[in-house]
Amino acid sequence: HIVTGQEFRGFDLLPAMLRLAKAKRFDGLTLTTLGFSRDNLTDLAGMIQAGQIPPAKLRILASDFFRRADKEIWQHGADQARRLGYGFRSTRNHTKLILAAIGGRFYAVESSANLRSCANLEQFTMTQSRQLYDFHAGWIGTVWPTAEP
């Protein structure tokens with residue numbers, strides 16, 4: 001359980017998780033967020049190109065609200081996802097999750113933080129639990145086919 005300072009971005013957990021696990025890459029990664037930034041997209045592309053995130057094993061589920069409110073960044077993300085080959089959709093979503101499979105272990109990060117910074121205090125809980133990972137992966141798997149590409 002952690003409370004972060006105002007400089008925190010939810011995305012910052014991704015490279016930190018790899019470092020803490022002493023792993024070179026994610027085996028699978030699902031992110032849910034209200035919104036994201038251009039910096040997040042640039043960092044994500046860098047991690048994909050470095051082999052840290054296999055694009056075929058990446059899904060991002062964002063918010064329809066963000067898709068409408070920040071059309072330029074949304075379109076940049078959609079274009080990048082098509083170019084790099086990862087799943088990228090939106091629905092009526094306000095969840096902030098990181099589901100990470102790393103080296104045979106399964107992590108669920110439940111957070112108040114979006115991928116981007118919003119200059120607020122944030123909290124997150126990181127749990128190594130296949131059961132919690134599967135719970136969240138299950139409802140996301142149900143929502144995914146009806147989410148907007």
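Phe 11, Leu 31, Phe 36, Asn 40, Leu 41, Leu 44, Ile 60 and Leu 115 line the second largest cavity of this predicted model. A cavity here is a set of points, on a 1 Å grid over the protein atoms alone, where a 1.4 Å probe fits but cannot get out, and lining residues have an atom within 4 Å of a point. Its volume is about 40 Å³, taken as the space filled by probe spheres set on the points, with grid points joined across faces, edges and corners. Helix α2 (residues 38-49) gives the largest share of this lining, three residues; helices are DSSP runs (H or I, at least four residues), as are strands (E, at least two), numbered from the N terminus. By type, the lining of the second largest cavity has seven nonpolar residues, one polar and no charged. For this count, Ala, Val, Leu, Ile, Met, Phe, Trp, Tyr, Cys and Pro are nonpolar, Asp, Glu, Lys and Arg are charged, and the others, Gly among them, are polar.

Now to the other cavity. Of the 13 residues that line the largest cavity, Gly 10, Ile 98, Ser 111, Ala 113 and Leu 115 lie nearest its centre. The elements that give two or more residues to this lining are β5 and β6. Seven nonpolar residues, five polar and one charged make up the lining of the largest cavity.

β5 (residues 97-102) runs antiparallel to β6, joined by six bridges; strands pair if DSSP finds at least two bridges between them. Ile 98 stands opposite Val 109 in β6. The two strands form a hairpin with two residues between them, and Gly 103 in the turn has a positive phi of about 55°. On to β7 (residues 122-128): five bridges join this strand to β6, again antiparallel, and Ala 108 stands opposite Thr 127. In β6 (residues 105-111), five of the seven residues are buried, meaning under 20% relative accessible area, with exposed over 50% and partly exposed in between (1.4 Å probe, protein chains only).

Ala 119 sits in the loop between β6 and β7. Ala 119 counts as partly exposed because its relative accessibility is 46%.

Residues are numbered from 1 along each chain as its sequence is written. Local features need pLDDT of at least 70 and side-chain atom pairs pLDDT 80 or more, while totals for chains, interfaces and linings use all residues, and side-chain values use heavy atoms, leaving out hydrogens and water.

Note on methods
On a 1 Å grid over the protein atoms alone, a cavity is a set of points where a 1.4 Å probe fits but cannot get out, and a pocket is an open set with protein on both sides within 12 Å along at least five of seven lines; lining residues have an atom within 4 Å of a point.
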